[in-house]
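Reader: I would like a close look at a single part of this protein. Pick one element, walk me through its surroundings, and then tell me what else deserves attention.

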Amino acid sequence: MKHINPQNLPEPFVKAVSGRDRKPKTDSISVTELIKPPQMRALEREHWDEIEVDVATEVYALLGTSVHSILEKAGDDGALSEERLRVTVNGDLNMDIVLGGMVDRLDEDGTITDWKVTSVYSFILGDKQEWIEQLNCYAALYRSHGFDINKIQIIAILRDWTKRRAKAEEDYPDYPVMVKELPLWPKDKTAEFIKTRIRLHQDALESGTYPKCTDQERWARDHKWAVMKKGNKRAKKLFTDEEEADIYCQSLQSTKAGTFYVEYRPAEAIRCKDYCHVAPWCGQWKKEQEESNREDQQGEVPQGGPANLE
């Protein structure tokens, strides 16, 4: 994996965000890799020397690392912080695999805490499945070393939180730092999850056989209709039903100053589009792009547009 610097950013920044990634191995896997789509990890190993990452796009990773470093130094209250744990997983697998992970914090009462520097959008989606899987795997690692785990939680630091929206929007987080408890799985469920995921990743690396990434893994968003005010970039409200969007648009036009219209927003896989380093080599993504382009050319995708309300 190569880090490129087309904006000629300062060398300290480049060094800070480079060198953290490692090529996937066949005899070990981290918890972060375990919950990653097998197709993505296999393509990363296959095309590792061809992948180019713009250092400017790694700024959020840098923020996350900085926050973890500061909180680790502040953790002098008897809790275990930034513990790196490993366990060998075998059972009915065809070989022993070392599963590893670094846990942010384990309190004396058996509570695992993971710090997340994330967006408000990610937080308000609810319990992100990846967070649940990650922390339950951490629980399994600690249990394998003799610890009792009673609770798992994230503490989300919301990087784009604003006080104005917190006051104005009912479903918006009240504070820029929020605690969320996640469901703790039974031991046997976690063990089966780990073995199943390892099998999928091993098959992907050894034989090139892997399932397509799911909509959940691709962070797929359904198509929507956005009610827009002319001159604004952000939508007033999003709808999954075009008729509901039209009705709302007309109500705004009759009660508020300005011109409002309905804009169609097609479905898209956010991870594939913006956050997957191996998308250029992914057959699944390539096929979807070809189908999308074909639909656009044939006029099958509804275009939406300004409502005739003036």
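Author: Take strand 6, residues 111-118. Eight of its eight residues are buried, so the strand is largely enclosed by the rest of the structure. Keep in mind that this is a predicted model. The mean pLDDT of the protein chain is 88, and 93% of its residues reach 70 or more.

Start with the two sides of strand 6. T111, T113, W115 and V117 point one way. I112, D114, K116 and T118 point the other way. In a regular strand the side chains alternate between the two faces of the sheet. Both sets in strand 6 are buried. That includes the charged residues D114 and K116. Buried here means under 20% relative accessible area.

Now look at the neighbors. Strand 6 pairs with strand 5, residues 97-106, in the antiparallel sense. Two bridges hold that pairing.

T111 stands opposite K151 of strand 7.

Q153 lies in strand 7. Its relative accessibility is 11%, so Q153 counts as buried. Leaving out residues up to four places away in sequence, Q153 touches T111, I112, T113 and D114, among others.

Strand 5 is mostly covered, with eight of its 10 residues buried. Strand 2, residues 28-30, runs parallel to strand 5, and three bridges join them. I29 has L99 of strand 5 as its bridge partner. Strand 4, residues 80-89, runs antiparallel to strand 5, and nine bridges join that pair. T88 stands opposite V98 in strand 5. Strand 5 therefore has pairings with strand 2, strand 4 and strand 6, each counted because at least two bridges were found.

Strand 4 has one backbone feature to check. E82 is found in strand 4. E82 has a positive phi of about 50°, although it is not a glycine. Most residues other than glycine have a negative phi, and most peptide bonds are trans. E82 counts as buried because its relative accessibility is 15%.

W219 has a positive phi too, at about 55°, and is not a glycine. W219 lies in the loop between helix 8, residues 187-207, and strand 9, residues 220-221. At 31% relative accessibility, W219 counts as partly exposed.

Next, the start of the chain. E52 is found in strand 3, residues 52-54. E52 and M1 are 51 residues apart in sequence, yet their C-alpha atoms are 6.0 Å apart in space. E52 also touches K2 and I4, not counting residues up to four places away in sequence.

Y60 lies in helix 4, residues 59-74. Y60 counts as partly exposed because its relative accessible area is 44%.

E243 is another surface residue. It is found in helix 9, residues 242-255. At 56% relative accessibility, E243 counts as exposed. The C-alpha atoms of E243 and M102 are separated by 49 Å. Along the chain, those two residues are 141 residues apart.

One caution remains. pLDDT stays under 50 over residues 300-310. The model has 22 contacts beyond four places in sequence for that stretch. Where pLDDT is low, the predicted coordinates should not be read in detail.

Methods. Residues numbered from 1 in each chain as written. Predicted model: local features only at pLDDT ≥ 70, side-chain atom pairs only at ≥ 80, totals over all residues. Heavy atoms only, no water. pLDDT = per-residue confidence, 0-100. Contact = heavy atoms within 4.5 Å. Helix = DSSP H or I, 4+ residues; strand = E, 2+ residues; numbered from the N terminus. Buried < 20%, exposed > 50% of the residue type's maximum accessible area, 1.4 Å probe, protein only.
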